[in-house]
Amino acid sequence: MKCFIIIFGVAKGDGMEISMKNLMRYNYYRTRHNMLSYLIFLICCVIALVFTDESYLTDPIVVNTPQSLTGVFMNEVADAGIANILIVGCYVTFEFAGDLKQRCINYELISGNSRNKVFISHYAYSFILSGSMITGSLLVGCCKYGLTDWVITIWNNIAYFLRSILFIYILSFSIISMCMIFAVLFKDTAKSTIVTFVFLFLSCYIMAAIASTISGNSIVSAYEEPPLALLFYPPYLWRWILNPELQMSQLLGVVTVAVLWCGSAFAIGNYFFSKLE
């Protein structure tokens, strides 16, 4: 009933802009009043704070790591960021599957919205939510070295940090978006979350293990001259893109790959969503 009350205003809209706005507002309302959202973000912050360490500078993951707080941040993203992708990915899938299981999606549809519009709203909001939680927690992780120094570091390297935040959003979601397909297929929170966990664990951590195996004495060497095939795999690109010396053509290539993965996940998920009863 709460879903119906929140979404009912959507039916009063005269166009897609108003309708989509209400759908997004519903998703925001649900997140803001869900204690699980705050708990997940807190867990991600704790992980970032605990695992972020100056040892990243002596045994780096990222190629061309500078000996500074910026270097600590980029290796924190490469390391703790993977754990946060797994946690946030499971949470996003759990919430979307919960909407399907509890028939909240049905209220959105009977309010006069097309299936495409409803799926787009959930897809877009999941992109914003997942990127914000992962980025926010990783920024919190470096606060352990002093808030003033951290702010100064960001300001002095603002171009790199803006670039990093952009790729945190698009690359994390290019991985997580695939998991939304599981929510549509299973329409069950438990099954969808378990399959998502297994998928993310295999795709992210096994990739990291493979990189460690082929790197020899230093893991950083696994990201210096990657095989062409790995440049089409987002979990690998997650670490590779953090290299501050990459050229614009390489950055655009990563954007293209991430968009293709997100687009593929959207097309598959929307297809199965359109077939739901």
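Two residues are in contact when heavy atoms lie within 4.5 Å of each other. Keep that cut-off in mind as we work through this predicted model.

**Exercise 1. Work out how helix 5 and helix 9 run relative to each other, and which residues make their contact.**

Step 1: Start with the geometry. Helix 5 spans residues 69-101 and helix 9 spans residues 158-186; their axes come within 9 Å and cross at roughly 30°.

Step 2: Classify the angle. Angles under 35 degrees count as roughly parallel, and helix 5 and helix 9 are therefore roughly parallel to each other. Their crossing is right-handed.

Step 3: Look at the residues in between. Helix 5 contributes residues including Thr70, Phe73, Met74, Val88, Gly89 and Thr93, while those from helix 9 include Tyr160, Phe161, Ser164, Cys179, Met180 and Ala183. By class, this contact of helix 5 with helix 9 has 18 nonpolar and 5 polar residues, and no charged ones.

Step 4: Zoom in on one member. Threonine 93 of helix 5 is buried, with a relative accessible area of 0%. Not counting residues up to four places away in sequence, threonine 93 touches Cys179, Met180, Ala183, Ser192 and Thr196.

**Exercise 2. Repeat the analysis for helix 3 and helix 5, and say which classes of residue make up their contact.**

Step 1: Geometry again. Helix 3, residues 35-51, packs with helix 5 at an angle of about 165°, and the axes are 9 Å apart.

Step 2: Classify. Angles over 145 degrees count as roughly antiparallel, and helix 3 and helix 5 are therefore roughly antiparallel. The crossing of helix 3 and helix 5 is right-handed.

Step 3: Name the partners. Among them are Leu36, Ile40, Ile43 and Cys44 of helix 3, and Glu76, Ala80, Val88 and Glu95 of helix 5. The contact of helix 3 with helix 5 divides into 12 nonpolar, 2 polar and 2 charged residues.

**Exercise 3. Describe the largest nonpolar core and the surroundings of leucine 242 and proline 244.**

Step 1: The largest nonpolar core has 61 residues, and Val88, Ile134, Leu171, Trp238, Ile241 and Leu242 touch the most other members. Helix 5 gives the most to this core, with 16 residues. Another core, of 18 residues, lies apart from the largest one and includes Leu109, Val184, Ala265 and Leu276.

Step 2: Leaving aside neighbours within four places in sequence, leucine 242 is in contact with Val62, Met74, Val77, Ala78, Tyr160, Arg163 and Ser164.

Step 3: Move on to proline 244, in the loop between helix 11 (234-240) and helix 12 (248-274). At 26% relative accessibility, proline 244 counts as partly exposed. Proline 244 touches Val63, Asn64, Met74, Tyr160 and Arg163, not counting residues up to four places away in sequence.

Step 4: Compare sequence with space. Proline 244 and serine 164 are 80 residues apart in sequence, and their C-alpha atoms are 9.4 Å apart in space.

Key: Residues numbered from 1 in each chain as written. Predicted model: local features only at pLDDT ≥ 70, side-chain atom pairs only at ≥ 80, totals over all residues. Heavy atoms only, no water. Axes fitted to C-alpha atoms, helices over the stretch in contact; angles between N-to-C directions. Helix = DSSP H or I, 4+ residues; strand = E, 2+ residues; numbered from the N terminus. Parallel < 35°, antiparallel > 145°, perpendicular 65-115°, else oblique. Left-handed = near helix turned anticlockwise from the far one by under 90°. Nonpolar A, V, L, I, M, F, W, Y, C, P; charged D, E, K, R; others polar. Buried < 20%, exposed > 50% of the residue type's maximum accessible area, 1.4 Å probe, protein only. Core = buried A, V, L, I, M, F, W, Y, C linked by side-chain atoms within 4.5 Å.
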